[in-house]
Protein chains: 2
Amino acid sequence: MRRGKTFVISGPSGVGKSTVLKALLEGREDLYFSVSATTRDPRPGEVDGVHYHFIDADTFRQMIADGQFLEYAEYVGNFYGTPRKYVEEAMAQGKDAVLDIEIVGAGNVKRQMPEAVRVFIAPPSWKELERRLVERGTDSEEKIAKRLLRAKVEFQAAHDYDYFVINDTVEGAVQELNAILTAEHCRPTERMEIING
Amino acid sequence: MRRGKTFVISGPSGVGKSTVLKALLEGREDLYFSVSATTRDPRPGEVDGVHYHFIDADTFRQMIADGQFLEYAEYVGNFYGTPRKYVEEAMAQGKDAVLDIEIVGAGNVKRQMPEAVRVFIAPPSWKELERRLVERGTDSEEKIAKRLLRAKVEFQAAHDYDYFVINDTVEGAVQELNAILTAEHCRPTERMEIING
């Protein structure tokens with residue numbers, strides 16, 4: 001049985017990454033969507049192991065010390081991290097692991113797992129990203145300008161990503177992601193058995 | 001408009017490469033299948049510009065001198081080569097160029113055009129390749145043994161190829177090839193306009 005691969009997906013705020021990932025993952029038993037661990041309290045409706053793995057700060061610190069995170073970060077007093085264990089288990093079962101992680105965390109995953117593939121979800125244009133942020137109607141003009149600037153910085157930081165998927169339509173973006181998943185399984189390292197057989 | 005890319009396809013005798021390429025190219029206006037130039041005489045039914053570009057030896061030699069070939073070789077007294085011109089024209093029109101070239105020629109293309117992507121069509125197993133060569137019924141046992149040995153040598157020489165597509169079923173191989181074409185257009189170099197935009 002073929003082993004799964006890890007795909008780290010990043011993208012600026014407002015690009016529609018969550019919608020694309022939801023559409024990609026729907027009904028896909030061959031994909032594992034990584035669930036983060038966190039030290040923050042569950043919010044109403046959040047289920048342990050589904051939305052997050054809820055763990056206490058001592059456990060989190062011990063897991064850091066034991067190298068059990070592919071990446072982790074502190075955010076407003078709470079820790080968030082990607083446990084290595086579930087990703088490894090999924091890959092061993094032949095599933096591709098999909099990780100939704102911002103750029104700095106994605107870089108940490110890449111250092112720990114050099115064979116991980118990084119994909120950046122990009123808008124068709126900056127104009128379109130601005131339009132989407134405005135349309136969402138949740139942010140002030142000032143906040144939108146800030147998000148756009150942050151998106152440009154992220155874009156520059158993502159120059160060493162493996163792929164850029166354009167979210168023009170959700171279907172188009174999902175098609176590109178699926179093509180990347182398929183193509184990456186055609187890499188020579190994935191087919192050594194036949195090459196050497 | 002996006003620029004096309006060049007994909008060089010190699011594969012051992014008997015693997016079913018021609019069938020796969022025919023299925024890939026059928027009805028695809030967005031793909032250009034490279035036609036070789038040759039100094040040999042046309043055989044009955046062969047059409048200039050379709051099966052080969054038939055040119056005389058002096059023209060061929062001049063084209064070599066002018067760097068007009070992506071690769072060329074001599075085979076039983078005749079020259080065969082891949083004219084750079086048509087490939088470049090197709091890419092400028094946004095078409096992906098598909099080149100059917102054996103390993104040594106593919107290496108020459110890669111040296112002249114480092115951005116070219118090389119794909120090796122592989123059998124699901126050596127046993128299966130042998131079965132296909134036997135089933136074809138055109139070769140003696142000795143010739144089949146020779147072809148198998150040559151295939152193994154080619155496999156080793158193809159270790160630096162970008163992708164290995166398994167021809168288990170024609171549909172599966174075509175799906176993998178299409179995924180590779182799509183994924184390669186998601187490379188950062190292909191999306192600089194958005195990254196820098």
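**Close-up views of chain B and its contact with chain A**

**View 1. Chain B and chain A share one contact surface.** In this predicted model, 100% of the interface residues of chain B are also interface residues in chain A, so the copies meet through the same surface. The contact joins 22 residues of chain B to 22 residues of chain A. On the side of chain B that touches chain A, strand 9 (163-166), helix 7 (170-184) and helix 8 (192-196) each supply at least two residues. Helix 7 of chain B gives the largest share, 5 residues. By type, the residues on this side of chain B are 15 nonpolar, 4 polar and 3 charged.

**View 2. A rotation relates chain B to chain A.** Chain B is superposed on chain A by a rotation of 180° with 0.0 Å of shift along the axis, at an RMSD of 0.0 Å. The two copies are thus related as by a two-fold rotation axis. Within chain B, Ala179(B) has the C-alpha nearest the axis, at 2.1 Å from it.

**View 3. An open sheet of 5 strands in chain B.** The strands of this sheet follow the order 2-7-1-8-9, and their pairing is parallel. Strand 2 (31-33) and strand 9 of chain B are at the edges with a single partner strand each, so one side of each has no neighbour in the sheet. From one strand to the next, the twist averages 25°. At the strand 9 edge, strand 8 (residues 117-122) and strand 9 of chain B pair in the parallel sense over 4 bridges. Here Val119(B) stands opposite Tyr163(B), a residue of strand 9 of chain B.

**View 4. Two helices that lie across strands of chain B.** Helix 1 (residues 17-25) of chain B lies across strand 1 (6-10), strand 2, strand 7 (96-100) and strand 8 of chain B. Its direction is at about 165° to strand 7 of chain B. Helix 3 (residues 84-92) of chain B lies across strand 1, strand 2 and strand 7 of chain B, and runs at about 150° to strand 7 of chain B.

**View 5. Buried and exposed residues of helix 4 of chain B.** In helix 4 (residues 103-112) of chain B, the buried residues are Ile103(B), Gly105(B), Ala106(B), Val109(B) and Lys110(B). Seen down the axis of helix 4 of chain B, these residues fall within an arc of 160°, so they line one face of the helix. Their cover includes strand 1, strand 5 (69-75), strand 6 (78-83), strand 7, strand 8 and helix 6 (141-157) of chain B. The exposed residues Val104(B) and Arg111(B) are on the face of helix 4 of chain B turned away from its buried side.

Technical notes
Residues are numbered from 1 along each chain as its sequence is written. Chains are lettered from A and ligands numbered from 1 in the order in which they are written. This is a predicted model: local features need pLDDT of at least 70, side-chain atom pairs count only at pLDDT 80 or more; totals for chains, interfaces and linings use all residues. Two residues are in contact if their C-beta atoms, placed from the backbone, lie within 7 Å. Ala, Val, Leu, Ile, Met, Phe, Trp, Tyr, Cys and Pro count as nonpolar, Asp, Glu, Lys and Arg as charged, and the others, Gly among them, as polar. Two strands pair if DSSP finds at least two bridges between them. Axes are lines fitted to C-alpha atoms, for helices over the stretch in contact, and angles run from 0 to 180 degrees between N-to-C directions. Copies are superposed by least squares on the C-alpha atoms of residues with pLDDT of at least 70 in both. A residue is buried if 20 or more other C-beta atoms lie within 10 Å of its own, exposed if 12 or fewer, and partly exposed in between; C-beta atoms are placed from the backbone. The arc is that of the directions from the helix axis to the C-beta atoms.
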